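Subject: Structure handover

Hello,

Here is the structure I promised to pass on. Please open it first, then read my notes below.

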Amino acid sequence: IRCWSNIPFITVPLSRAHGKSFAHRSELKHAKRIVVKLGSAVVTRGDECGLALGRLASIVEQVSMLQNQGREMMIVTSGAVAFGKQRLRHEILLSQSVRQALHSGQSQLKDMAIPVLEARACAAAGQSGLMALYEAMFTQYSICAAQILVTNLDFHDEQKRRNLNGTLHELLRMNIVPIINTNDAVVPPPEPNSDLQGVNVISVKDNDSLAARLAVEMKTDLLIVLSDVEGLFDSPPGSDDAKLIDIFYPGDQQSVTFGTKSRVGMGGMEAKVKAALWALQGGTSVVIANGTHPKISGHVITDIVEGKKVGTFFSEVKPAGPTVEQQAEMARAGGRTLAALQPEQRAEIIYRLADLLTDQREEILLANKKDLQEAEDKGRLALPLLKRLSLSTSKLNSLAIGLRQIAASSQDSVGRVIRRTRIAKDLDLEQVTVPIGVLLVIFESRPDCLPQVSALAIASGNGLLLKGGKEAAHSNQILHHLTQEALSTHGVRDAVQLVNTREEVEDLCRLDKLIDLIIPRGSSQLVRNIQKAAKGIPVMGHSEGICHVYVDTDASVEKVTRIIRDSKCEYPAACNALETLLIHRDLLRTPLFDQIIDMLRVEQVKIHAGPKFASYLTFSPSEVKSLRTEYGDLECCIEVVDSVQEAVEHIHKYGSSHTDVIITENENTAEFFLQHVDSACVFWNASTRFSDGYRFGLGAEVGISTSRIHARGPVGIEGLLTTKWLLRGDNHVVSDFSEHGSMKYLHESLPLPQRNAS
């Protein structure tokens with residue numbers, strides 16, 4: 001804990017040897033000394049006269065937060081000219097004759113001619129006001145700020161450079177934020193094309209070059225350059241094919257076309273890139289980002305420091321493989337080729353993958369053993385996750401059987417006609433199934449998910465991006481290699497991509513122009529995080545698996561313990577395992593109730609009592625903290641209800657719409673339960689564990705969806721398809737169908753073509 005002005009704050013361990021820039025965004029969180037350069041477009045209002053106070057306050061808040069984490073923050077700011085222009089214009093208006101103002105009227109007063117204001121005079125008038133504003137804002141966070149004005153000459157004079165360096169170090173030592181600006185009141189006009197003068201010198205002709213020079217002089221870890229564009233584009237922003245460059249490497253300048261400079265300020269994007277590359281060469285990492293966008297400016301600086309994919313990151317280390325954006329484009333192109341194959345060819349790929357799972361069994365299990373060993377050594381995985389991580393010969397055999405089921409059932413999945421309508425004579429409409437596009441499947445600790453999801457994507461003609469957990473890296477690598485080997489059978493190797501970069505899940509969820517559907521497979525927390533992070537991309541899945549079993553008064557003694565044991569104990573970590581057991585009140589203190597409790601004790605299931613159940617007991621088990629709990633282990637809640645109607649109401653209030661079961665011999669009660677419970681899967685006298693794509697005969701599943709649109713329950717091939725409409729006409733136009741037209745709508749339903757019997 002450190003203190004400043006009696007305000008305590010936490011310091012984070014930040015230290016590294018300066019001299020080499022960070023290679024990856026994920027390392028930026030270790031940056032201790034940071035320069036934030038605020039471009040004129042960020043600091044000034046749209047009318048270029050006055051400051052954007054809201055943006056400035058947000059930037060000060062972010063800088064203060066990072067400073068209070070123990071980092072050393074410096075700001076290189078513009079804005080003095082704009083602030084001064086506002087003050088001088090105001091003074092000029094006030095100096096006008098009051099008589100003239102009264103005679104001219106308010107409307108004409110607004111149109112009074114204002115002389116062109118000289119920039120140096122504006123800077124002189126604005127510097128003190130700008131600094132006073134910064135001081136007032138930083139004071140709100142108990143942080144002191146200090147102003148430093150510099151010119152190019154200050155860097156050429158060795159003594160002045162040493163003085164500046166010493167001053168800045170002393171300010172940082174005292175936890176003061178230096179605010180640096182070029183002294184625009186005396187600075188000479190900039191010399192054209194003088195950004196760089198040799199390797200070791202950069203001319204300070206604007207605040208971009210000043211920030212770069214300062215960053216290198218002060219051995220800064222990170223330079224953040226904020227402007228009014230998202231970052232660096234491969235062509236001028238706004239053009240049709242312009243793409244934001246996520247990572248820029250020295251030598252890539254030839255592939256970039258620079259546009260015009262920002263609406264205000266002296267440095268265009270080309271100047272920013274030159275300054276950034278100079279700083280990078282000096283050992284400082286650089287990010288160029290947008291500081292004006294209202295949706296991101298409030299957290300742009302902190303997002304960059306946290307390693308999120310914001311703006312353009314300058315790096316000297318080029319990754320060996322493609323970027324995730326390139327992988328997504330490869331998956332889309334591969335998926336389209338895959339969809340164009342004959343159904344038999346897609347089936348051949350899946351059959352080949354099934355064979356490889358059994359043929360390469362030893363290599364797969366060896367890789368899985370490495371993952372298990374590393375997980376146990378680190379001790380980070382809970383027992384349920386370790387079970388999911390483990391592969392075995394029987395698991396691989398089951399996987400192979402499931403894949404063959406998918407291959408057999410996928411013959412007419414893509415391109416199947418599901419509706420035919422004759423709109424008019426010689427004008428026929430068809431609705432046919434087509435792939436969704438590119439799927440992103442994010443999964444934890446379950447390498448068996450990879451071949452399952454791959455097979456479903458292949459069968460449905462979708463491109464696929466896979467992001468597995470680090471704990472299953474070795475297993476995922478070999479399973480993906482085998483998948484690509486199978487895809488190579490028909491030349492579509494790129495259709496399934498495994499993301500191996502240090503890509504954060506949150507960054508993947510922002511690729512709305514490249515990904516069409518996200519499917520999370522993992523903990524409820526993972527699903528919730530992805531649903532929150534997804535920006536414009538639909539997410540298919542369930543955040544929780546709170547499954548109920550209701551034991552009715554007419555339940556069979558023989559069936560009850562078998563179904564409950566299987567639902568809870570067969571695989572307690574599964575999302576379709578029993579979590580809450582509802583028991584009719586009349587069954588309390590009966591032999592059947594005693595059998596249930598005895599069986600749970602024998603299976604070592606920890607029991608939590610619901611509020612009503614606890615009220616019936618003198619000495620009750622621990623009372624449940626929440627009736628909306630997914631335990632994922634040998635634990636469950638028991639609650640009492642008075643009727644099947646109350647059981648349904650309880651499920652609707654506390655359940656997650658996943659899988660719910662009734663055990664009863666009364667058909668009327670069962671049908672009431674089946675029809676009224678609004679869940680994806682509702683069973684009668686069957687274990688919750690049947691809620692599974694393989695057990696449903698789908699071959700496998702990409703997950704279980706509890707959403708109410710598109711797909712619900714275990715999602716197999718059908719859930720990965722959408723439709724498109726095909727209209728075949730012969731010189732038809734809508735005007736022919738008007739009131740006085742020559743044609744009439746028929747809207748006749750036509751028979752569907754026969755489905756492939758195989």
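Glu230 sits in the loop between strand 7 (222-227) and strand 8 (247-248). The model is a predicted one, so please read everything here as computed from that prediction. Is Glu230 buried, exposed or partly exposed? Its relative accessibility is 34%, so Glu230 counts as partly exposed. Leaving out residues up to four places away in sequence, Glu230 touches Leu244, Ile288, Ala289, Asn290, His293, Gly311 and Thr312. Val310 is 80 residues from Glu230 along the chain, yet their C-alpha atoms are separated by 7.9 Å.

Leu222, Ile224 and Leu226 point one way from strand 7. Leu223, Val225 and Ser227 point the other way. Residues on both faces of strand 7 are buried.

Which strands pair with strand 7? One is strand 3 (residues 33-38), parallel to strand 7 over five bridges. Another is strand 9 (residues 285-290), also parallel, over six bridges. Ile224 is a handy landmark. Val36 stands opposite Ile224 on one side, and Val287 in strand 9 stands opposite Ile224 as well.

Four strands form an open sheet in the order 15-14-13-16, with parallel pairing. Which strands stand at the edges? They are strand 15 (496-498) and strand 16 (517-521). Each has a single partner strand, so one side of each has no neighbour in the sheet. From one strand to the next, the twist averages 20 degrees. Strand 13 (residues 438-443) and strand 14 (residues 463-468) run parallel and are joined by six bridges. Val438 has Gly463 in strand 14 as its bridge partner.

Two helices to look at here. Helix 11 (residues 324-340) packs on the sheet and touches strand 13, strand 14 and strand 15. The direction of helix 11 makes about 140 degrees with that of strand 14. Helix 17 packs on the sheet too, touching strand 13, strand 14 and strand 15. The direction of helix 17 makes about 160 degrees with that of strand 15.

His480 lies in helix 17 (residues 473-487). At 8% relative accessibility, His480 counts as buried. What does His480 touch, not counting residues up to four places away in sequence? The contacts are Leu450, Val496, Gln497 and Leu498.

Now the second largest pocket. Its volume is about 1100 Å³. It is lined by 44 residues, and the closest to its centre are Arg446, Asp448, Tyr571, Ala574 and Arg689. Which helix gives the largest share of the lining? Helix 15 does, with six residues. At least two lining residues come from each of helix 14 (383-389), helix 15 (393-409), strand 16, helix 19 (524-533) and strand 23 (703-705).

Then two backbone points. Asn175 is not a glycine, but its phi is positive, about 65 degrees. It lies in the loop between helix 7 (158-173) and strand 6 (177-182). Gln604 also has a positive phi, near 60 degrees, and is a residue other than glycine. Its place is the loop between helix 21 (591-602) and strand 19 (606-609). Asn175 is buried, with a relative accessible area of 4%. Gln604 is exposed, with a relative accessible area of 65%.

Aromatic rings next. The count comes to five aromatic pairs. One of them is Phe737 with Tyr745, which is stacked. Their ring centres are 4.4 Å apart, with 20 degrees between the planes. Phe737 counts as buried at 13% relative accessibility. Tyr745 is partly exposed, with a relative accessible area of 44%.

Last, Thr669. It is found in helix 24 (residues 667-676). Thr669 is buried because its relative accessible area is 15%, and the cut-off for buried is under 20%. Setting aside neighbours within four places in sequence, Thr669 is in contact with Asp552, Val644, Ile662 and Thr664.

Over to you.

Best wishes

Notes:
Residues numbered from 1 in each chain as written. Predicted model: local features only at pLDDT ≥ 70, side-chain atom pairs only at ≥ 80, totals over all residues. Heavy atoms only, no water. Buried < 20%, exposed > 50% of the residue type's maximum accessible area, 1.4 Å probe, protein only. Contact = heavy atoms within 4.5 Å. Phe/Tyr/Trp six-rings, centres within 6.5 Å; stacked < 30°, edge-to-face > 60°. Pairing = 2+ DSSP bridges. Axes fitted to C-alpha atoms, helices over the stretch in contact; angles between N-to-C directions. 1 Å grid on protein atoms, 1.4 Å probe; cavity = no way out; pocket = protein on both sides within 12 Å on 5 of 7 lines; lining within 4 Å. Points joined across faces, edges and corners; volume = space filled by probe spheres on them.
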